[in-house]
Structures are given as C-alpha cells and as structure tokens.
Amino acid sequence: MKRLIQSVSKWVLVWLCLFSASEVSLLQAAEPAQRPNIVVVLVDDLRWDELGCMGHPFVRTPHIDRIANEGARFRNAFCSTPLCSPVRACLLTGLYTHNHGILDNVNRSQHSHTLKTFPHALQKAGYNTAYVGKWHMGNDDTARPGFDYWVSMKGQGTSFNPVLNENGKRVPHSGHTTDVLNQKVNEFVQQKRDKPFCIYIAHKALHPELTQRDDGSITDPSAAKFMPAKRHENLYANDAIPRRLNVIDNLKGKRALLRAVPGLPPLSRETGTSDEVIRDRLRMLAGIDEGVGQLCALLEKQGQLDNTVFVFTSDHGYWYGEHGLSVERRLPYEEGIRVPLLVRYPPLIKAGTLVDQFAVSVDLAPTILDLAHVKVEQKYDGRTLVPLLKGEQPDDWRDSFLIEYNSDTVFPRLVKMGYKAVRTPRWKYIQFNELEGMNELYDVQHDPYEMKNLIDQPESQTTIKTLQAELTRLIK
C-alpha cells in the first residue's frame, strides 16, 4: 500500500508539472493576442460628415465605412483645438494645448522633439513603431523620438512628387502624395517582425496646396487649391453639394464675425466654400479610402487584421459656408470641431457599435495605451475610451470638454479671435481672450446650427456663470 501511495503521488506530481508547463505555454501563446497591433489613420481637415458611414449623400468611402460597420462609430467626437499643429500634439500626448505647449502653427520643431507621445511609450514597451506622413509641428522633417521607422515631409509637404525623409535620407518620389504614403505604410507592415507594431499614418490630404512659413504665415491666403490624384479628377462632377442650414446665418449676435476687415467683404453666402473646392476635397479623400482598403487587405492576408486596433479620425473640421466661413477653421462652431472617429477591433468591439458619449482628441493616447496594456506614470487630460468601446455606460463619463485656440495672424478675419470655450450636451460657451463684449452662448440642443447667440439674454446669466466655472476647472 505504501508503494502504491508513493507511485500515485509521483504521477500526480508529474501531471501537475506537465499541467503547469502547458499553462505557461498557453499564456505565452496568448500573449500576442493581448498585445494588438495598432493602426491610426489621421486625415487632415476632414469633417465628421464627409463619409458614407456618416450619412453623406453621395461620397463613396467603402473601405473607411468598413471600419465603422465592423467596429464602433462615435457620433460625438470632437477636437480640443481646431488648428493643425496644436491638435496633432493633443492626439499624440493626451494633453490639452495649454499643457503640451504646441500653441499654434508657428515652427515649434525643437519643442516637438521633446513631447512624450504614446508611440514612444509603446516603443519602450516593446512595440515596433512607425510614423508615415505629415508631422506638421514645425517644418523640420527629421525623426522624432519614439519611432523605429520614420517617413515624413517638411512642413505641409506637396500634393504631388513629394520629397520624403525616410529614416534620415531624403528621397524624391513621383506620383500623388497620398499614393506614395500608402505605399510606405504597406512596406512597413510587410516587414518581418516578432513583436506587435504601431503605425501612425498622417495624410497630407485633405489639405490645400501651399507652403507654411516658420512664422505660421502661408503662401496662398485663399488656401483653396485642393489637388486630387489624376484618376479621381472627375469624381462627383454631377453631384449636388449638400449645405447645412446655417449657410444662411445672418450673423446677428456674432459681433466678432461682424467686425469689418480691411480688404475683405463681409461674411455672407458668397464668402463660403465653392462647390468645386468641396468636390476636390472629396476627390482627395478617395485616395485615402483606397489606402485603407489596401492596408486592410494586407493585414487580412497576414492573418493580422482582427488582431489590429484600427483607428480612423481627423485633426479637425472645415467650413462649407456655415456662417459665411470658408478657410478659417480655427473657430469653435460645430463644423470646425466635430471629427469622425471610427475604431475596429473585433476581440473587444461589437460590429456596428454606436457611441454617443463625448470623445475628444486628448483621449486617443490613453485609449491606445490601455488597449496595448501599457501603463505609464504620466497623467493625461484625456481618458481611455475602452469602456465605451466595450459598450459600457460609465456613470462618471465627462459631460463637458475644453476647446481652445490662441490668436494668430494667418487669416485677417481671425485676428485677435483667440478663445477658450466649453461644450456640454446642451450648451456651448465661447469666451474670447482679447475681444471685449463679444462672447457667445448657444443652446446646441435646441439650436444645433448655432444661429442665435444667447449671451445677452437675462435668463442666460446663471447658465453663463456655471459654464465659466466649468471652463476654469477644465483649464487647470
């Protein structure tokens, strides 16, 4: 009996060891699935309503729509600063503009080399990281910290035949810039690797053709020359451009916009964006959609698509004549601050998920690090969107966010129009930094086109004080 017990004990120990070893093996095998690949596609100046999945009446974006249809679509996503350089820093750092220090479009190249970005954190955690496209925090095209693979251009770049800084070597290319960038993305993804990757793709499109000088000024004040690929030049030629109701805004109550500007006509329907300019923008979008399709096909071929977090968004919006505006996309009206935000990741996100809670540019960094299971000590102004992606309804989700812009002189209409604003589900309060007596208040729940400024209404004063207090809290 004693020998029997010893024999049984021996075999139990053997089986326990085998089970433990297999359990460790299983955990190791599961590790790649716990560390997904990351793809972020950032489009320049893309409005939230310029995609098929957002209800656009004729634009064709089947590959981008796939990200929404097989993942989550945010119906209330916003940028925290509707200006290129600052908001790009917001996206990468998770900080509001007043905290990360990229305050405007002036050449702040040196400072942008010091930013603590989420790709840098991923790189330290073992990710293979890449940046492809327009950096646009200064005109310097050299690699920033945190990227193993770097392909970028000076400043705004060009729409055709770009010269790209490829890992320290400047290489001229032929063709449409969107196509060239798509090719560079695919070259990175095709590399053999034994660890997960993160690629941040920042397209030149849908930006107009111009050069931005170090002081932030631009070579083409009209900023209206959009250049699609030759094969897309005739897209949408016969389609009627949809316009929102506020293109007929008479600007009553908008004292800042009613200011006389020497050399410029008053804002009106005639000062808005033309139909053909809008068509050219949408034609540029076609190349981006093709690139999304190529990338998805490549990831599918590799068996990696469903193990990849795929994010599609933009830096800020654009004006199509709302309030008479066109190129002045620094202002905090809805068309300037709303952005598309689509996220696909089948292990976590149910296909067709719709999210109505506020999402803001500063949420991208903490969200990506959360999905990658990477913890950092840095504090963020944003918060992870993972609970919303799971379909949860957090009781403590934000009910306000900050929008800010620092005055510049690029567009004469916007001189001294720097502001801080707060948006809640019902209200938007705009407080100008330099203009006295010109603040604005909109009930966006009942006035979604922001046609009636309520700032002087006696019954609004309590609301204004509440929003001013909230603005002070958000700026801290």
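Colleague: Which residues in α2 meet which residues in α8?

Modeller: From α2 they are P62, H63, I64, R66 and I67, and from α8 L285, D289, E290, V292, G293, C296 and E300; contact means heavy atoms within 4.5 Å. This is a predicted model, where local features need pLDDT of at least 70, side-chain atom pairs count only at pLDDT 80 or more, and totals for chains, interfaces and linings use all residues. Residues are numbered from 1 along each chain as its sequence is written, and side-chain values use heavy atoms, with hydrogens and water left out.

Colleague: Why are α2 and α8 called oblique to each other?

Modeller: Their packing angle is about 60°. Under 35 degrees is roughly parallel, over 145 roughly antiparallel, 65 to 115 roughly perpendicular, and the rest oblique. So α2 and α8 are oblique.

Colleague: How does the lining of the largest cavity divide into nonpolar, polar and charged?

Modeller: Into 15 nonpolar, four polar and one charged. Ala, Val, Leu, Ile, Met, Phe, Trp, Tyr, Cys and Pro count as nonpolar, Asp, Glu, Lys and Arg as charged, and the others, Gly among them, as polar.

Key
Axes fitted to C-alpha atoms, helices over the stretch in contact; angles between N-to-C directions. Helix = DSSP H or I, 4+ residues; strand = E, 2+ residues; numbered from the N terminus.
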